[in-house]
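Please consult the sequence and structure shown below while reading.

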Amino acid sequence: MNAADSSEDALYRTRHSLAHVLAQAVLDMRPGTTLGFGPPIADGFYYDFILSEPITEDDFPALEQRMRRILKKGQRFYREDLPVADAFARLDEMHEPYKREYAAELVDKNSLPSLSFYRNGPFLDMCEGPHVDTTRDIPRDAFKLRSVAGAYWRGDADNVMMTRIYAWAFADKASLDAAVSAYELAQERDHKKLGRELDLFLIDDDVGRGLPLWLPHGTVIRDELEKLAVELEFKAGYERVATPHIAKADLYDRTGHLAHYKDSMYPPMEVIEESADGESVRETYMLRPMNCPHHHKIYASRLRSYRDLPLRLAEYGDVYRWEASGAVSGLARVRGMSMNDAHIYCTEDQVKDVFKEVISQYDEAYRILGLNDYGIRLSRWDPDDPKGREKYVDAPEAWRRTEQIIAELLAEMNIDYEDAPGEAAFYGPKIDVQFHTVTGRDETVSTVQLDFAVPPRLGLTYVGPDGAEHTPYCVHRAPFSTHERFTAFLIEHFGGAFPTWLAPVQVQVLTVSAQFGAYAREIVDRLRGRFVRAELASESDTVSKKVRDGTTRKIPNLLIVGEREVADRTVTLRRYGVKQQTTMPLDTFEAALGKTIAMRSLTFEL
RNA sequence: GCUCACAUAGCUCAGUCGGUAGAGCACUUCCUUGGUAAGGAAGAGGUCAUCGGUUCGAAUCCGAUUGUGAGCACCA
């Protein structure tokens, strides 16, 4: 074990032991409380309780004080291994039904002969360890209770909801302070906050929860992303289609959406239509939760040959999903969204190449945006999931086969991935790209999915070289996710300071005094004539005020013009976040700006 | 959906013990034409989320509803 490992290990022990100290303090403060789990996590630890009396964040100072007192006491951690029967008896005696339930399962699954307990002071917990030697080994100023939240026992919504207390914990005070201030800084980049400050989007109760209204500045970002996506797709041979936002319920019955996805769909719309013979016919329409059925119908509209494959149909399609009320949040999780969708129909032999082609397009998109903090997840079905038949198409052999194809191609591409059973789409396995957001969450952004289930249900076929009909696979992909989630992610990634090509206002021209307005307006007109989003700052403010406003609005390029600039036909460029300014001929600036935008550069290309 | 918290002007927030609301920014008008992060003055702007209860009297106390936030579950 090297030094880094052992310090990691020490921190793990500290966090784990602090969890026990928290539990001891909570039991002391709220006698009769029942314990759940209390593990260390990335930046600290948590412990789950069923509290005899509620605890709120107002109780944190008192709780922390109790914890510090325990640390000061120097309680020694003792490990004790009990034969299974004794362990069960002890847990019964402790009135810890949840620990008892878990113990039984542990023993059952791993056929354990004994279970370990740790005791420190009056506190006893079934636990694998390891722990510190004594609570005096834990620094008293390097932890901080963070929040109280609900969490289901064993992460299952069918179970009881416990109260979870989260805490930060580090090796020393400096690390704790650094983590807390990093967290507070990240909160400043929250897309909901920046979205309001930068006038990007709006959510209005009269329209509905999770149904954002894109303001002019937000729409610029949306349009620029879409333009980029359309260009990348054009180069890769995608053909664009456009399809309606609703379809008859029967279509979703046939695709399997009603069987597996109904809870995520808005309820049906009933209408009365008149048939050809004058009869009234009830018809049911539904808002679409996915674009694929519509695209499948386009595929099915004519006889396809293997020579046509892969066939790539693309659409930035609007879809609607009835997301759980508690899940809806800003632009990151919405109920109406515009998806960077495409469906690639191909033969089984082509699947790997199609995936590889798609993944290389993802790389290209991420390179342009400067994104590199992400992990790859292979999302599979979970054969052990008792709810498997509700969640997934029941076709074990097809799952096995398609999951293997994806695992193989990931190996061939030397891509490390996290294996995630139970995260598949209902119609097939997928590769999810999990981005780490600056606000500390992991979020699925892009996805590539292999659909073996729906094409046969809708009778999609192609004629193979053998003259017989075969069923194609369908690869669903969405590198830019949805406009909503992707924009939320980018707002936080760039902290609202977008690169010039994406910025809602690319250039703002500020005059030193109104008498230079004619030159400033000439610059704005010239730039706008070249489709640059340029605007003139208010003429009645002071230069300082204009600089401040432009900076607060995170405009990437401020151009200052005064007497000198007018005389020399130059501009003084003040880049966002850059103190040093550059004065250059207007023509030079214009050419450099054109290049910066055309290349979608993250910096300014002089 | 679940647990907890929160809801005052467009935004950020004060509002003490229950006595019918205040600031800064933004907005409008006027003055100021100023070389790098807030020039000055005046004005307008509120059914204190909604509904109900307690009270002589509710932004304030209680309940319900709606919405928002954190987390869980679910997910692009």
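**A helix with one buried face**

Helix α2 (residues 60–73) contains 14 residues and reaches 20 Å from its first C-alpha to its last, close to the 20 Å expected at 1.5 Å a residue; the expected span is 1.5 Å times one less than the number of residues. Helices (H or I, at least four residues) and strands (E, at least two) are DSSP runs, numbered from the N terminus.

Within α2, the residues F60, L63, E64, M67, I70 and L71 are buried, that is, under 20% relative accessible area with a 1.4 Å probe and protein chains only. Seen down the axis of α2, these buried residues fall within an arc of 115°, so they line one face of the helix; the arc is that of the directions from the helix axis to the C-beta atoms. The face turned away from the buried side carries the exposed (over 50%) residues P61, K72 and K73. Just after α2, G74 takes a positive phi of about 65°.

**Basis of the model**

The model is predicted: local features need pLDDT of at least 70, side-chain atom pairs count only at pLDDT 80 or more, and totals for chains, interfaces and linings use all residues. Residues are numbered from 1 along each chain as its sequence is written, chains are lettered from A and ligands numbered from 1 in the order in which they are written, and side-chain values use heavy atoms, leaving out hydrogens and water.
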